[in-house]
Amino acid sequence: MMMIAELVLLAESMGVLVRWAPAASMDELAVYQHATRTIWLRDGRADMPTRCSLAHELGHAHYRHEPHGDYRAQERSADEWAARLLVSEDEYRSAERLVGHEVGALARELDVTHRLVIAWRRCHRAA
């Protein structure tokens, strides 16, 4: 499992800045600003949602998503990129053997959001 510090290093290697902002100053949990290649994360959140949000925003950076694009398609591709980054095939298969196929159980076992489990399935069932 990639930790937040490793994701920050990955961001740096991609030329992306990662910054934390006070919760009161952000409406969103996380935001990627393409013009400045900056990811803003809401401060004070637990590790798992922060890690998943950071990976998702890195997906936006990877694909160079801009605000005027197809929102749904961009969200889907960023989720899928994050899912592939955070969950290996071996980890997913092992989790399925341990807890079964239910999304919530898999999310808890893999320490990711439900959205990323669903995105992981989309990527790997289609392949």
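What percentage of the 127 residues in the protein do buried residues make up? Buried residues make up 44% of them, where buried means under 20% relative accessible area, exposed means over 50%, and partly exposed lies in between (1.4 Å probe, protein chains only).

The model is a predicted one, in which local features need pLDDT of at least 70, side-chain atom pairs count only at pLDDT 80 or more, and totals for chains, interfaces and linings use all residues. Residues are numbered from 1 along each chain as its sequence is written, and side-chain values use heavy atoms, with hydrogens and water left out.

**Overall build**

The protein has 6 helices and 3 strands. Read from the N terminus, the order of elements is α-β-β-β-α-α-α-α-α. Here helices (H or I, at least four residues) and strands (E, at least two) are DSSP runs, numbered from the N terminus. The radius of gyration is 14 Å, close to the 14 Å given by the globule rule for 127 residues, so the protein is as compact as a globular protein of that length. This radius is taken over C-alpha atoms, and the rule is 2.2 Å times the number of residues to the power 0.38. Along the principal axes, the C-alpha atoms fill a box of roughly 40 × 30 × 25 Å.

Contact means heavy atoms within 4.5 Å. Of the contacts between residues at least 6 apart in sequence, 47% join residues at least 24 apart.

**Surface**

The protein exposes about 7,200 Å², and carbon and sulfur atoms supply 54% of this area. Such areas come from the Shrake-Rupley method with a 1.4 Å probe.

| Residue | Helix | Relative accessibility |
|---|---|---|
| Ala119 | α6 (residues 114-126) | 0% |
| Ser77 | α3 (residues 71-86) | 17% |

Ala119 counts as buried because its relative accessibility is 0%. Leaving aside neighbours within four places in sequence, Ala119 is in contact with Asp79, Glu80 and Ala83. Asp79 is 40 residues from Ala119 in sequence, yet their C-alpha atoms are 5.9 Å apart in space.

Why does Ser77 count as buried? Ser77 counts as buried because its relative accessibility is 17%. With neighbours within four places in sequence set aside, Ser77 is in contact with Tyr63 and His65. A polar atom of the Ser77 side chain also lies 3.2 Å from the backbone oxygen of Gln74.

How values were computed: A polar contact is a pair of N or O atoms within 3.5 Å; within protein, one must be able to donate a hydrogen and the other to accept it, and residues adjacent in sequence count only if both atoms are side-chain atoms.
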